Amino acid sequence: MFRFIYRACRKVNIKIGYFISTLITFMRLKGNGVVYGKQFKSYGRPVFDVWNGGKLIFGDNITLNNGYSSNLIGRQQPCMFVVRTGAEIIIGNNTGMSATAIVCCTKIIIGNFVKIGGNTVIYDTDFHSLDAMQRSDLSSDVKNTKKAPVTIGDNVFIGAHTTILKGVTIGENSIIGSGSVVTKNIPANEIWAGNPAKFIKPV
């Protein structure tokens, strides 16, 4: 009996939480000037930080899972989208992600029907210069940080805890194994995994 009552209360609590989170999410979308299509769904509260002059565009039927209440996979966090001045993130239709962090300084394009596993991060920047002397000076560090666009094709499946670094293109239908670090281009219709990610076999 107690278990039944507990489960019922938990279900009600989840529904109330979803309503509140949805309201807050759409306030954050509007406040950051995010463009989004039909059937935008967010479980939990994602974080948006779109700088002046930056663009974040979502297609139709997007699903975001944020935090432990929406996807119990471990290492829960909200999805986070950081778009700096002059940069843009474009995410296609029917794409879903969990606890994903995307930081964009130039351009990141994610296609249609892409599945992004929990705790994945996508960066189009090194964040700092690779030169120690340049890193010692903030303005020099910022000026000399390397950046390059990232493109992820349609129907790509990215396993949990993957890191995708600057300048990478992942071809359509490809699969990235969990825990991989992607540092170079991946052709279409291939499975890659590892640190650094290497070719495993065709899809």
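Trainee: Which residues make the nonpolar surface patch of about 300 Å²?
Mentor: The model is a predicted one. In it, I16, F19 and I20 make that nonpolar patch, with an area of about 300 Å².

Trainee: And where does F19 lie?
Mentor: F19 is part of helix α1.

Trainee: Is F19 buried or exposed?
Mentor: F19 has a relative accessible area of 59%. The cut-off for exposed is over 50%, so F19 counts as exposed.

Trainee: Turning to the backbone, what is the phi of Q39?
Mentor: Q39 has a positive phi of about 55°, although Q39 is not a glycine. Q39 sits in the loop that runs between α1 (2-31) and β1 (41-43).

Trainee: Is Q39 buried or exposed?
Mentor: Q39 is exposed, and its relative accessible area is 59%.

Trainee: What about the phi of A99?
Mentor: A99 is not a glycine either, yet its phi is positive, at about 45°. The loop between β7 (96-98) and β8 (101-104) holds A99.

Trainee: Is A99 buried or exposed?
Mentor: A99 has 6% relative accessibility. Buried means under 20%, so A99 counts as buried.

Trainee: One more topic, the peptide bonds. Is the bond from N195 to P196 cis or trans?
Mentor: The peptide bond from N195 to P196 is cis, and its omega is near -5°.

Trainee: Where does P196 lie?
Mentor: P196 is in a loop, with β18 (190-193) on one side and β19 (198-202) on the other.

Definitions and conventions: Residues are numbered from 1 along each chain as its sequence is written. This is a predicted model: local features need pLDDT of at least 70, side-chain atom pairs count only at pLDDT 80 or more; totals for chains, interfaces and linings use all residues. Side-chain values use heavy atoms; hydrogens and water are left out. Helices (H or I, at least four residues) and strands (E, at least two) are DSSP runs, numbered from the N terminus. Buried means under 20% relative accessible area, exposed over 50%, partly exposed in between (1.4 Å probe, protein chains only). Patches are made of residues with over 30% relative accessible area and no salt bridge: like charges are joined within 9 Å, nonpolar side chains (Val, Leu, Ile, Met, Phe, Trp, Tyr) within 5 Å. Accessible areas come from the Shrake-Rupley method with a 1.4 Å probe; for residues, only the protein chains shown count as cover. A salt bridge is a side-chain nitrogen of Lys or Arg within 4 Å of a carboxyl oxygen of Asp or Glu.
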